[in-house]
Amino acid sequence: LIYCYRKPKTKRAKRFLEKREPKLKENTKNAMLIKGGNANLTVTEVLKDIYAVKKPFAVLYKKKNITRPFEDQTSLEFFSKKSDCSLFLFGSHNKKRPNNLIIGRMFDYHVLDMIELGVEKFVSLKDVKNSKCPEGTKPMLIFAGDMFDGNEEYRRLKSLLIDFFRGPSVPSIRLAGLEYVLHFTALDGKIYMRSYKVLLKKSGCKIPRIELEEMGPSLDLVMRRTHLASDDLYKLSLKQPKALKPKKKKNISHDVFGTTYGRIHMQKQDLSKLQTRKMKGLKKRPAEKSAEDGGVSPKKSKSG
């Protein structure tokens, strides 16, 4: 097949193509939320709530799409190119797998990995009568449970959830902006997703007292099928361009908190010749000077 590249005829088309071109610093990842051909009310509500959390970096497809991602991924790849989305959440429902969610991500418009999750319990945003965070709030992500570090499938799920909910990268953080928490707990083969609003209360000092208020949605999930990328393909997807890699500087190191340490190389110093501050009390007496000179008095003897 021979593909013909046609130059854009309008400025709008040119801007559209430039937006999709590869960049050194990629745009914030967008997610597409797709409803399967036999999605029930629970799955539909879950997709709506995740869309509300993910906005404005999400696209919600309201029409039903008859597809099975674990058997045929062509439709997902088509939607990914159409909407320029590298993350997806597919919801379906059937007798064998009720209240089913498939979360995944793309690499070069092909499915990299995806994990199937079953919804056992769901509490929507509407059911929790508390104040909500404004649209586009960047969440803080907390993961609890040894499974997220010990099991390969759960480790990949943790990476996938971070990719899905992290939002835009920010250069600085202010205290008032830390108002939304997404908490994931892995316990007894289940994943519990809870979302809280951070309330800053008066504490009588500079540091405020923090309280968490549940605001929804909350999900009890169980892992079902998985489709994980091979180690080689996964490493390839993590590869960074050379221009973004930090250049090594001599004798400069950084710790995990980002503190910079510098090492200075100096010659060995003779502290006996070190010039110190002159004080009256530190002056040597004549007796001390004569003892240093070998007992000979510096004064000349008078000739008779």
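Residues are numbered from 1 along each chain as its sequence is written, and side-chain values use heavy atoms, with hydrogens and water left out. In this predicted model, local features need pLDDT of at least 70 and side-chain atom pairs count only at pLDDT 80 or more, while totals for chains, interfaces and linings use all residues.

A search of the whole structure for disulfides (pairs of cysteine sulfur atoms within 2.5 Å) gave 0. Accessibility was classed as buried under 20% relative accessible area, exposed over 50% and partly exposed in between, with a 1.4 Å probe and protein chains only. Cys133 has a relative accessible area of 15% and is therefore buried. Cys205 is exposed, because its relative accessibility is 54%.

Arg156 belongs to helix α5, residues 152-165; helices (H or I, at least four residues) and strands (E, at least two) are DSSP runs, numbered from the N terminus. With a relative accessible area of 5%, Arg156 is buried. Leaving aside neighbours within four places in sequence, Arg156 is in contact (heavy atoms within 4.5 Å) with Arg105, Asp113, Ile115, Leu228, Ala229, Asp231 and Tyr234. Arg156 also lies over the face of Tyr234, 4.1 Å from the ring centre. A charge sits over a ring if NZ of Lys or CZ of Arg is within 6 Å of the ring centre and within 35 degrees of the ring normal. The charged end of Arg225 is placed over the ring of Phe70, at 4.4 Å from its centre.

The whole structure holds 7 aromatic pairs. Rings of Phe, Tyr and Trp (its six-membered ring) pair if their centres lie within 6.5 Å; planes under 30 degrees apart count as stacked, over 60 as edge-to-face and the rest as tilted. Phe143 and Phe148 are edge-to-face, because their ring centres are 5.2 Å apart and their planes stand at 80°. Phe148 and Tyr154 form an edge-to-face pair, with 6.3 Å between centres and 70° between planes. Both Phe148 and Tyr154 are buried. One aromatic cluster is made up of Phe143, Phe148, Tyr154, Phe164, Phe165 and Phe184.

The largest pocket has a volume of about 1900 Å³. On a 1 Å grid over the protein atoms alone, a pocket is an open set of points where a 1.4 Å probe fits, with protein on both sides within 12 Å along at least five of seven lines; lining residues have an atom within 4 Å of a point. Grid points are joined across faces, edges and corners, and a volume is the space filled by probe spheres set on the points. The largest pocket is lined by 44 residues, of which Lys25, Glu26, Asn27, Lys29 and Ser86 are the closest to its centre.
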